[in-house]
Amino acid sequence: MQVMKTKYFSVIIVLCSVLCLSGCKDYLTEIEPGKTLLADYYTSTAAAVQNVTGCYVPLMWEYNNTYLSEWFIGDIASDDALKGGGSTTDMSDAYDIENWRTTDQNTLLLDFYRAQFQGVGRCNLALENIEKMALGVDEEFTPEMKNRLLGEIHFLRAYYYFRLVRVFAGVPMPLSVLNSSEEWGLSRASVDAVYTQILKDLEFANANLWLKSKYTEADLGRATKGAAQAMLMKVNLYMASPYWQKYSLSKPAADCYKDAKAWGDSIIASGEYSLCPNYEDNFTVAGENGPESVFEIQYAEVAWGDYGEGFGFTAGSFTQILMRSRNSEIGGGWGFDHPTQDLYDEFETADSLRRDVAILIPSVKIDSAYQAQSDETYLGNNMLNNKYGMYRDPESIGGGYGKWSLHASRGPLNNKQIRYADVLLMYAEACLGASDAGTAKTYIDQVRARVGLAPCAAADDATLRHERRCELAMEGHRWFDLVRWEGVDGNGLKAHMDAYKQKETADAQHHMQEFVAGKHEIFPIPQEEIQLNPTPMEQNPKY
């Protein structure tokens with residue numbers, strides 16, 4: 001595992017220069033000294049693997065001109081979290097997302113947009129060149145290995161486009177290397193075209209990737225057949241939703257639910273995954289890439305400073321310092337991503353295990369001396385994200401809350417993008433969409449039983465949505481779930497967010513602008529990208 005964590009996101013691909021100094025008389029046709037050809041690099045399995053590893057790297061980027069972690073959208077735009085930080089002016093880009101003030105000048109969205117397209121570009125380069133590599137360049141480059149590597153690339157390209165489409169709707173969609181300025185101008189592809197390409201890439205990935213159990217321990221974290229099937233479930237559920245169907249998708253909702261259920265059948269039947277007996281193990285370093293892990297972004301423990309260096313200069317995660325307590329005695333972090341009282345109240349009385357793993361109330365969890373020293377309160381809220389900011393792991397942090405061993409600003413904790421519990425709840429949702437409430441109840445109850453909860457009274461949309469909110473709290477899913485469930489014409493989501501606003505503190509309400517139906521379900525294309533594109537790109541409605 002450690003080999004993968006150190007290589008996975010810190011690889012630097014070096015294309016070696018080859019000087020051809022033969023005695024050829026027609027020297028004027030020789031490549032000039034120092035010039036590198038791509039073909040000189042793609043001559044071994046090791047080179048191909050390294051190139052594919054580089055395709056994963058932009059997934060872990062969290063800093064460029066500002067911090068751009070996806071949870072700044074998935075948590076903070078929703079009713080699950082307030083921005084937090086030192087004040088309302090601390091990270092103004094996140095403040096705007098929190099309070100429906102976002103404009104096309106938002107730097108967080110610009111960096112997020114560019115990071116995903118960096119990933120797409122790396123995938124297109126690797127795909128174009130590894131496809132050309134002849135089998136047998138060495139003993140390891142077998143058909144099975146080549147197909148696996150191509151499967152990883154297709155999975156990752158689909159993942160980057162999925163991250164883009166659910167934030168911005170239709171985006172430019174290059175599927176090959178852009179070699180000249182004439183190719184840079186691309187109009188926005190339709191939402192239907194982007195989703196269709198995502199499914200195509202994921203289906204290729206599923207056909208060629210390996211099962212998780214086939215990977216060596218050093219390679220845990222790479223895309224697997226199970227990860228492709230889980231994403232095929234997820235994408236089909238998004239496409240089935242009223243909000244995304246309004247974009248005139250060519251695939252009917254009924255077919256999407258049917259396919260999502262079929263992909264769920266496959267991943268469950270594989271026997272590759274299971275729920276961790278201890279829920280909290282999912283959020284420790286020791287529990288990384290464990291039995292419940294379907295796909296997670298890999299980070300490594302590092303002790304060197306790289307603050308302000310921009311994209312690609314860290315193998316550790318900024319999330320831990322961004323979310324940790326601002327009190328230097330127990331964390332010394334920056335206190336972003338405050339769970340809301342509305343989220344806290346969502347948990348059943350008997351569901352204190354999941355609630356307390358997700359939410360830390362410092363004055364309750366820490367001794368009385370802490371309360372006098374703390375500077376946690378943001379707009380009347382002093383709760384912290386316990387899963388990623390204040391997790392306990394004796395091997396890494398010396399035990400207790402926030403006893404952080406690193407002297408730098410990054411942490412080693414992986415980001416769990418897809419857990420098996422998420423898969424089971426997606427499967428239950430697909431079953432509900434296919435009018436199979438009995439099977440849906442079985443899998444909802446399986447997730448509940450892991451934390452000692454009684455079976456649900458009935459399997460319906462409200463039960464499923466409650467369970468997803470509690471099981472996946474503070475993991476960056478909530479906003480995207482709300483959009484697909486409530487955003488068909490904007491009015492349902494507006495009613496939901498208006499009701500949430502009334503539950504917030506007076507301080508928080510003072511900063512919130514009105515949620516605008518038909519606008520705020522998605523975010524604006526960054527104006528700088530519109531200006532750089534020689535082909536006109538329309539802005540999203542009402543921005």
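A search of the whole structure finds 27 aromatic pairs. Rings of Phe, Tyr and Trp (its six-membered ring) pair if their centres lie within 6.5 Å; planes under 30 degrees apart count as stacked, over 60 as edge-to-face and the rest as tilted. The rings of Tyr113 and Phe117 have centres 5.0 Å apart and planes at 55°, so this pair is tilted.

This is a predicted model: local features need pLDDT of at least 70, side-chain atom pairs count only at pLDDT 80 or more, and totals for chains, interfaces and linings use all residues. Residues are numbered from 1 along each chain as its sequence is written, and side-chain values use heavy atoms, with hydrogens and water left out.

**Overall make-up**

- The protein has 24 helices and 6 strands. Both are DSSP runs, numbered from the N terminus: helices are H or I with at least four residues, strands are E with at least two.
- Of the 543 residues, 58% are buried. Buried means under 20% relative accessible area, exposed over 50%, and partly exposed in between (1.4 Å probe, protein chains only).
- The protein exposes about 20800 Å², and carbon and sulfur atoms supply 52% of it. Such areas come from the Shrake-Rupley method with a 1.4 Å probe; for residues, only the protein chains shown count as cover.
- Take the contacts with a separation of 6 or more: 72% of them join residues 24 or more positions apart. Contact means heavy atoms within 4.5 Å.

**Aromatic rings**

- Tyr113 and Phe117 both lie in helix α6 (residues 107-130). They are 4 residues apart, about one turn of the helix.
- Tyr113 is buried, with a relative accessible area of 3%. Phe117 is buried too, at 18%.
- Trp210 and Tyr215 form another tilted pair, 5.5 Å centre to centre with 45° between the planes. Both residues are buried.
- Ring pairs link Phe112, Tyr113, Phe117, Tyr161 and Phe168 into a cluster.

**Charges over rings**

- Arg148 lies over the face of Trp210, at 4.7 Å from the ring centre. A charge sits over a ring if NZ of Lys or CZ of Arg is within 6 Å of the ring centre and within 35 degrees of the ring normal.
- Lys519 lies over the face of Tyr543, at 4.9 Å from the ring centre.

**Positive phi**

- Most residues other than glycine have a negative phi.
- Met91 is not a glycine, yet its phi is positive, near 60°. Met91 sits in the loop between β1 (81-84) and α5 (92-98). Met91 is buried, with a relative accessible area of 12%.
- Asn289 has a positive phi of about 55° and is not a glycine either. Its loop runs between α11 (253-269) and β2 (293-297). At 8% relative accessibility, Asn289 counts as buried.

**Buried loop residues**

- Thr66 lies in the loop between α3 (45-56) and α4 (71-74). Thr66 is buried, at 12% relative accessibility. Leaving aside neighbours within four places in sequence, its contacts include Met91 and Asp93.
- Gly170 lies in the loop between α7 (143-168) and α8 (191-208). Gly170 is buried, at 6% relative accessibility. Gly170 and Arg188 are 18 residues apart in sequence and 5.7 Å apart in space, C-alpha to C-alpha.

**Salt bridges**

- The structure holds 37 salt bridges. Each is a side-chain nitrogen of Lys or Arg within 4 Å of a carboxyl oxygen of Asp or Glu.
- Asp201 and Arg157 meet in a salt bridge (2.9 Å, N to O). Asp201 lies in helix α8 and Arg157 in helix α7, 44 residues apart. Both are buried.
- Lys503 and Asp342 also form a salt bridge (3.1 Å, N to O). Lys503 lies in helix α22 (residues 491-503) and Asp342 in helix α13 (residues 341-346), so the pair ties together parts that are 161 residues apart in sequence. Lys503 is exposed, at 57% relative accessible area, whereas Asp342 is buried, at 13%.
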